[in-house]
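Hello,

Here is the structure for you to open. My notes follow below it.

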Amino acid sequence: MPHALAVPPTYAPIPSAVHPNHAAIDARTAAWADTFDIGSPEWRSRLVTQDIGVFAARILPEGQEEVVALLSDFVIWLFGVDDGYCEEGELGGRPGELAATLHRLLRIAQNPESPMLTDDPLAEGLRDLTLRVSRCGTALQAARWVDTLREYFFAVVWESEHRAAGRVPGLNDYALMRLYDGATSVVQPFLEMGYGFELQPYERDSKAVRAAAEMTSFITTWDNDIYSHHKESRGTGYYLNIVRVLEREYGLSPEQALTAAVAQRDRVMCLFLSLRAKLEDEGSPQVRQYLRGLSSFIRATQDWSISSLRYTTPDDPALLPSSFTDEPSDGSTDPLDIPSISWWWDLVPVSRTAPLGE
């Protein structure tokens, strides 16, 4: 078994916050998972100790409680799909069969009355979630949520193909697919629903706002990989993780790969701050609120990752930090050498990407 890697404190320039009713939301999500029989009883008993509701409450610290509860239930459902179908389930190494099942789920999200997967608890849970999304969001937001589910499903089939082949992808492909297979884009529509506003399509689909959303996905999935590496590398099955990808890409030791992963997320974090400042100057009130939501999502992932039993794994303790740092490990303004995302740096003038304090 590989030795444990000590994860250093990561750069956290965004303030921490949590919804005041997080405990009640967490309890309701546990009850929801029981009602819909999500996963096995043993799986549920483990997952409901992992502060899923608190995670959602950190993403929407001042959001409408109904939407925070909806997001919390959706997150535990996503873990049901990820753990049950993709990583630990029988379909994880059968991309064709997985794609067929996920297409049926997508049809249920489009039309919950569709008579498909009628005996599948995840399908029944999705029917409930879909109806609640329609109630909490606008028609445009509900449609966007379905689109993000499609992105997520497509990406996890890609991951399944690599798992079936036992193949580690290159860094460029991994960075691109991680924008979607980490189930981060599917959370972003809730940033609007939770605060009762709607981005106009021309705002959300502008290159700059889309880049800010993609940076959020990059930072949160890199953080997830950094904090979950201990848990994943201890397993007996195949796993995909940025530490493993960097080891293979550059011939690094695990320690060197971890250091490189932290530096990459810190560099993108600095760029996100610069782009956020630019968009706050130029954008509408809705864009500014959306940026606050993206920022909360980033910090929520950090706070939850160092405290949740999902990653601290007390039976085999991970060497995670108990705090964060005010300084990036890499504050360079140069683009990362990852072609699928390097265009982000073109959106911010050099003067706005200068290291903080200069």
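Glycine 166 follows H7, with a positive phi near 65°.

A word on the source. This is a predicted model: local features need pLDDT of at least 70, side-chain atom pairs count only at pLDDT 80 or more, and totals for chains, interfaces and linings use all residues. Residues are numbered from 1 along each chain as its sequence is written, and side-chain values use heavy atoms, without hydrogens and water.

Next, serine 185. It sits in the loop between helix H8 (171-181) and helix H9 (189-193). Is serine 185 buried or exposed? Its relative accessible area is 5%, so it is buried (under 20%; exposed is over 50%, partly exposed in between, with a 1.4 Å probe and protein chains only). Its side chain makes a polar contact of 3.3 Å with that of glutamate 151. (Such a contact is a pair of N or O atoms within 3.5 Å; within protein, one must be able to donate a hydrogen and the other to accept it, and residues adjacent in sequence count only if both atoms are side-chain atoms.)

Last, phenylalanine 74. Leaving out residues up to four places away in sequence, it touches Leu129, Trp145, Leu149, Val186 and Phe190. (Contact means heavy atoms within 4.5 Å.)

Best wishes

Note on methods. Helices (H or I, at least four residues) and strands (E, at least two) are DSSP runs, numbered from the N terminus.
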